[in-house]
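Colleague: I would like to learn how to read a structure one feature at a time, beginning with a strand. Could you take me through it slowly?

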Amino acid sequence: METSPFRPAWWLPGPHAQTLWPHLCRPRPRVATRPERVELDDGDFIDLAHGDGPAAAPRVLLLHGLEGSLRSQYARGMMAALSRSGLRPVFMHWRGCSGEPNRLPRSYHSGATDDIARVVAHLRAREPETPLAAIGWSLGGNALLKWLGETGSANPLAAAAAISVPFRLERAAARMDRGFSRLYQWRLVGELRRSLEAKRRLRGLELPEPLRGGFRAFDDAVTAPLHGYRDANDYYARASSRPWLGRITVPTRILHALDDPFMDPGAIPTARELPPAVTLELARRGGHVGFVEGALPGRPQYYAEHRIPAWLKGQLSLQDPDSAALKAGYPCSSI
């Protein structure tokens, strides 16, 4: 475990400012992508988006958070940063998140490690000699860490990074039901409900009816029964990544903020729980998937987008990226 050198922009001092600025004020970085649909053995599909990069460069799989997509600013920013650093990003949409509802009643969730394994196997089969790393945010980070622990020394990745991870899902659900964080919960649960209704309407599937309430009510009524869990408590216990951290052998860096409004500090693992392969970089501030720095108001820089590519390149034995280019900021636009 190490203390992060990250220092938040003085004009975005609090956890909510750090969390909301990238979502509300950051223009979507421009990235060129090539789509690919991966057909799955169960009859469903996963959509990928391949970014630019040198033909022989290592690949980096990106796993987004709850109800994210390639339209998410943090995803596009990291794809652009990875391409500038000489790596080849490939973005994975969780089932139903690419703009088209998936075909099966099941969807995605915080413990959906089977879909990560399927996509990694697909990429490795195409380029078996090319090093492959992965980055996950929030829900995607939890699923990534859980998969790394499940597979242990058999995991095929060369390196991994996770940002703003809900290590203990039950504590995250409880935190989201308190104070200002209830506004995040209201927004995200609303998106989950709309996605469920869109799939019901467009696919003609029989799907559970979500109960009124927050994450726990939704997970009890929808997430758990659709994905083989007894109830929300069973889902939270079995899908959380924290119990799996000690079995990770792939070099892994976790970036997390103590003031993350999506979870409380008690969910963060202790140093004794982390194996030698895992480094937890802990910042006092930074919000949830925020980590915005910069001395000039309206000229932000995004810490994770130079920290993580530089670390990955070190793990993959490549030259360090041009930090000045990677830390280029984007002015705030009107909402």
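Colleague: Which residues point one way from strand 5, and which the other way?

Modeller: Before we start, this is a predicted model, in which local features need pLDDT of at least 70 and side-chain atom pairs count only at pLDDT 80 or more, while totals for chains, interfaces and linings use all residues. Residues are numbered from 1 along each chain as its sequence is written, and side-chain values use heavy atoms, with hydrogens and water left out. In a regular strand the side chains alternate between the two faces of the sheet. Here Arg88, Val90 and Met92 point one way from strand 5, whereas Pro89 and Phe91 point the other way. Strands (E, at least two residues) and helices (H or I, at least four) are DSSP runs, numbered from the N terminus.

Colleague: Which strands are joined to strand 5 by bridges, and how do they run?

Modeller: Two strands pair if DSSP finds at least two bridges between them. Strand 3 (residues 45-50) runs antiparallel to strand 5 and is joined to it by 3 bridges, with His50 having Val90 as its bridge partner. Strand 4 (residues 59-63) runs parallel to strand 5, with 5 bridges between them, and Arg59 stands opposite Arg88.

Colleague: How should I read the packing of helix 7 and helix 8?

Modeller: Two packed helices are described by the angle between their axes and the distance between the axes. Axes are lines fitted to C-alpha atoms, for helices over the stretch in contact, and angles run from 0 to 180 degrees between N-to-C directions. Helix 7 (residues 215-226) and helix 8 (residues 232-239) pack at about 90°, with their axes 8 Å apart. Helix 7 is therefore roughly perpendicular to helix 8, a term for angles of 65 to 115 degrees, while under 35 counts as roughly parallel, over 145 as roughly antiparallel and the rest as oblique.

Colleague: Where is Ser138, and what is its phi?

Modeller: Ser138 lies in the loop between strand 6 (132-137) and helix 4 (139-151), and it has a positive phi of about 50° although it is not a glycine. With a relative accessible area of 12%, Ser138 is buried.

Definitions and conventions
Buried means under 20% relative accessible area, exposed over 50%, partly exposed in between (1.4 Å probe, protein chains only).
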